[in-house]
Amino acid sequence: MIGLALRRLGWTIVVAWFAVTATFAMTIAIPADPARALLGPHANAETIARVRAHYCLDRGFVAEYACFVGHVVRGDLGESFRTKRAVSAIIGEHIGPTLELALAAIVLQLGFGIALGVIAATRRGRWQDRATSLVGLPGQSIPIYFIGSLALYVFAYRLGWFPIGGAGDGLFGRLHHLVLPALTLAAGGIAYYARAVRVEMIDALGEDYIRTARAKGLPERAVIRHALRNALGPVTTLVGLDLGYLLGGAMVVETIFGWPGLGRELLQAVLEVDLPLILGIVLVSAIAIAIVNLAVDLVQLALDPRLRDEEPRR
Amino acid sequence: MSRAAYVIALATALTACNAPHGPRFRAAGRTTPYIGGTLHIASKDQIHTLDPAIAYDEASSYATHALFDTLLDYAPAVAGDDRAAYALIPRLAERWDLSADARRLSFTLRPGLRYADGLPITTADIVYSLERALRTVDSPFGPFLADVDGADEVVAGKASHVRGLRIVSDRELVIELVRPNVAFPYVLTMAFSTPQRADYVAKVGDDLRRAPLATGPYVLAAWTEGTELVLRRNPNYWDPQRGRIETIELRENVARDTQFLMFERGELDTIEHLATPDYLWITSEPEWAPTTLRFTPLTVYGSRMNVRRPPFDDVRVRRALNYAADKDHMIKLLHGTAVVAHGALPPGVLGRDDTLAPYPHDPAKARALLREAGYGPGHALALRYTTLNDEEAQQLAGSLQDDLAEVGVALVIETMSLATFATADTKLDGPAFALESWIGDFPDPSNFFEPRLHSRMITPDGSTNDAFYANPELDRILDAARATADPSTRAALYRTAERMVFDDAPWIFGYHQQSIEVTQPYVRDYAPHPVWVRDYSAAWLDLNPDDERQLR
């Protein structure tokens with residue numbers, strides 16, 4: 001198991017390197033000059049040239065890439081062009097709120113998703129099953145910015161139940177501000193997990209061991225618990241894959257709700273061609289996603305003993 | 001229609017009618033200004049820095065003009081009188097004088113000026129600030145000081161001090177210019193010219209961006225970057241008439257639509273940059289009319305043509321496109337929040353020729369000119385137009401597309417993000433026909449003509465003269481006007497220049513955008529700053545102590 005973890009960790013580094021290199025190539029390929037974005041439309045050619053030289057923007061792809069990788073290897077993500085703050089400080093400040101948001105969304109997705117999925121599977125074909133699909137449908141099919149704007153308008157502005165954006169102070173204030181963004185981010189996932197759990201549960205409930213359990217006279221609640229444990233295996237894989245989706249969604253949700261997270265910073269950085277900040281956030285996100293996937297693999301190994309034997313031969 | 005507009009339309013249907021209504025909170029009706037209270041404002045953008053040598057974006061300027069006083073400022077705006085609004089008044093300076101040859105400026109500081117930390121402000125600190133702007137590589141302000149004697153040597157690293165900045169005493173300063181420049185005093189209204197103490201800047205180092213040494217009516221009380229910036233009255237400020245509101249809370253990164261919801265609920269005290277549905281909502285309710293402020297900032301919008309590239313090298317084509325464009329329709333698309341432009345200068349700027357009529361919408365004349373230039377039914381003109389990817393820019397481009405179709409010109413529209421556009425736009429081989437926009441740094445005609453139409457500004461890459469328009473006669477007039485001190489002779493020169501540009505038509509002259517700011521009724525004595533727009537240093541809050549607004 002330790003060998004597996006180490007091998008996966010190696011892959012994590014490769015994945016992060018690949019993500020950052022691809023982003024680097026894309027930012028260089030964009031025909032937008034960071035110096036122009038920094039100085040504005042009034043700057044003359046000499047000032048632009050001076051700033052390009054100052055930030056090594058005039059040395060060509062290979063030299064700039066070498067310069068960037070050299071810094072990263074030494075643990076230095078550089079300074080934001082726009083604010084002159086250390087990229088690591090900016091990420092440190094904003095990663096917390098994004099993790100809070102993502103975690104809250106995962107909890108909501110799994111909580112509601114599993115509950116709805118189990119209800120739909122055990123009441124298959126009945127009105128509870130159909131109602132679950134009906135409730136899940138809008139969450140999965142309506143774009144996230146629309147759900148967010150609508151939630152903000154109805155629940156914050158019209159009804160006044162929640163604040164209109166921002167992050168709030170203290171535990172209660174924080175949670176109060178978190179509800180709408182987290183629900184918005186989770187909306188698609190709840191429906192997704194409900195459907196995934198429903199399918200897995202229906203499969204599991206049709207297995208021989210369930211028939212055996214029922215034949216032995218086990219109470220239905222215990223039967224469902226057995227089936228659920230087996231149904232959740234594939235679902236944990238989804239959680240790992242989901243983090244990338246959540247971080248992407250966070251860009252939109254954080255912007256709508258003024259939540260001070262990394263997604264909003266990334267969006268701003270992209271619009272302003274703030275290269276060090278873009279690369280720093282992509283690097284940290286790629287590592288986070290890879291680590292979560294590693295964790296999911298380990299959790300699966302713990303959940304399903306069969307995988308422990310199969311894994312090394314893959 | 002924006003996404004938010006769809007959302008609001010649907011949500012309105014869902015949650016019953018949300019008819020326009022008046023303000024929720026009223027003024028208490030005091031007759032003398034109240035000192036105190038908290039003003040809540042918001043910006044859709046993030047404040048990047050409070051370092052006066054760097055801060056140049058709109059959001060940062062809301063804070064820097066409250067934090068930093070300059071030698072000179074503009075007289076407060078007077079309703080209905082654009083001209084009076086741009087008069088210069090002394091601020092940190094007690095008096096000032098520009099020599100008859102426009103090459104020597106002398107200032108005397110007010111007695112007893114202090115920084116927020118209580119230490120005195122001296123002329124050496126002003127010299128330090130100006131030299132710092134020249135030495136700081138990524139300061140956008142160095143070029144504004146290009147005319148100061150010896151400035152170029154400091155930029156090049158050949159000298160450590162600027163010869164032309166002469167300290168006569170702690171309160172007297174003389175600035176010598178190598179070229180006459182009547183507009184130079186305007187440069188000293190910009191926040192980067194605020195005095196800063198060398199020992200303070202050395203002490204805080206890179207933290208200057210978030211630890212400003214205030215010289216203005218407010219000091220920085222707190223700043224959670226990207227979320228909220230709080231300003232508090234500066235107890236050491238010299239002018240009791242400014243800084244009457246105790247605290248200003250500026251929320252950053254609040255989307256425009258969210259700002260409107262907050263304003264309507266009374267959580268924000270003023271709002272600017274209204275989206276179309278919100279603007280229509282506000283203007284349909286007469287109760288908001290008294291606190292809906294309209295003003296025309298220093299902007300010029302239109303389309304520019306690269307006059308070096310065919311077919312725009314033919315003046316007949318350029319004029320034809322001017323006749324083809326229906327400016328009144330553009331103004332309609334902007335809900336009347338703009339005035340038609342006839343040239344390079346916005347209303348109220350010296351030398352603007354108010355008798356010059358804009359190119360009329362005359363498709364027949366446009367077709368005739370195009371035929372003369374060799375384009376017609378057999379040989380139709382097809383053009384590509386480059387603009388921004390925001391909704392308003394695309395709408396206006398669509399309007400131009402319709403207008404040109406009417407005269408037989410096919411227009412393909414290409415859109416770009418702001419950063420990509422700003423880069424491509426300044427290249428000789430970039431877009432040949434594109435959106436043109438300019439927001440002036442100060443209300444002097446030189447700031448509108450020289451960067452954009454003087455041949456000196458043309459470079460193959462990074463040209464602010466993005467029409468690549470070179471006219472030796474215009475260059476001569478602009479150079480003469482910059483050195484002419486007498487306002488009426490100077491105005492006459494710029495009128496000639498504007499006429500010349502009008503005839504040569506390197507742009508399709510578009511419009512000057514108006515700004516709309518709406519305040520709650522209890523925000524009193526507020527007028528948008530003629531140039532910096534959001535400046536609440538003279539305003540005060542007439543709040544009713546029993547109001548629930550007070551309890552927040």
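In this predicted model, A:L152 touches A:Y157, A:I164, A:L180, A:I256 and A:F257 within its own chain, and B:T258 across in the partner chain, leaving aside residues up to four places away in sequence. A:L152 is also among the residues with the most contacts inside the largest nonpolar core, together with B:A63, B:I248, B:A320 and B:A497. That core has 225 residues, and helix α8 (residues 170–205) of chain A gives the most to it, with 17 residues. Chain B takes part through both of its assigned domains, since at least three core residues come from each of domain 1 (58–205) and domain 2 (299–513). As general background, nonpolar side chains tend to be buried together in soluble globular proteins.

The C-alpha atoms of chain A fill a box of roughly 85 × 60 × 35 Å along the principal axes. Of the 314 residues of this chain, 40% count as buried. Among contacts in chain A with a separation of 6 or more, 73% are between residues 24 or more positions apart.

Where the two chains meet, the contact takes 43 residues from chain A and 42 residues from chain B. On the chain A side, two or more residues come from each of α2 (34–39), α3 (45–54), α7 (144–158), α10 (220–257) and α11 (262–271). Helix α7(A) gives the most to this side, with nine residues. By class, the side of chain A that touches chain B has 24 nonpolar, eleven polar and eight charged residues.

Turning to chain B, the domain assignment gives domain 1 (58–205) and domain 2 (299–513), whose C-alpha centres lie 33 Å apart. The contact between these domains takes 13 residues from domain 1 of chain B and 13 residues from domain 2 of chain B. On the domain 1 side, the largest share, three residues, comes from helix α3 (residues 82–85) of chain B. The residues on this side of domain 1 divide into nine nonpolar, two polar and two charged.

Several sets of paired strands can be followed in chain B. Four of them form an open sheet in the order β4-β5-β7-β6, with antiparallel pairing. Strands β4 (93–98) and β6 (165–167) of chain B stand at the edges with a single partner strand each, so one side of each is left without a neighbour in the sheet. The twist in this sheet averages 15° from one strand to the next. Five bridges join β4(B) to β5(B), and B:A93 stands opposite B:L109 in β5(B). The hairpin of β4(B) and β5(B) has five residues between the strands, and in this hairpin B:A102 takes a positive phi near 55°. On from there, β5 (residues 104–109) of chain B is joined to β7 (residues 172–176) of chain B by five bridges, again with the two strands running antiparallel. Within this pair, B:L173 in β7(B) is the bridge partner of B:F107. Helix α4 (residues 123–135) of chain B lies across β5, β6 and β7 of chain B, running at about 165° to β6(B).

A parallel pairing is found between β1(B) and strand β10 (residues 247–251) of chain B, which share five bridges. In this pair, B:L39 stands opposite B:I248 in β10(B). The latter residue, B:I248, is one of those with the most contacts inside the largest nonpolar core. Four of the five residues of strand β1 (residues 38–42) of chain B are buried, so this strand is largely enclosed by the rest of the structure.

An open sheet of three strands is also present in chain B, in the order β11-β19-β12 and with antiparallel pairing. Here β11 (270–272) and β12 (292–295) of chain B stand at the edges; each has a single partner strand, so one side of each is left without a neighbour in the sheet. Neighbouring strands of this sheet are turned by 20° against each other on average, direction ignored. Three bridges connect β11(B) with strand β19 (residues 515–519) of chain B in the antiparallel sense, and B:E272 stands opposite B:E517 in β19(B).

Technical notes. Residues numbered from 1 in each chain as written. Chains lettered and ligands numbered in written order. Predicted model: local features only at pLDDT ≥ 70, side-chain atom pairs only at ≥ 80, totals over all residues. Domains from an automatic or database assignment. Contact = placed C-beta atoms within 7 Å. Nonpolar A, V, L, I, M, F, W, Y, C, P; charged D, E, K, R; others polar. Core = buried A, V, L, I, M, F, W, Y, C linked by C-beta atoms within 7 Å. Buried ≥ 20, exposed ≤ 12 C-beta atoms within 10 Å, placed from the backbone. Pairing = 2+ DSSP bridges. Axes fitted to C-alpha atoms, helices over the stretch in contact; angles between N-to-C directions.
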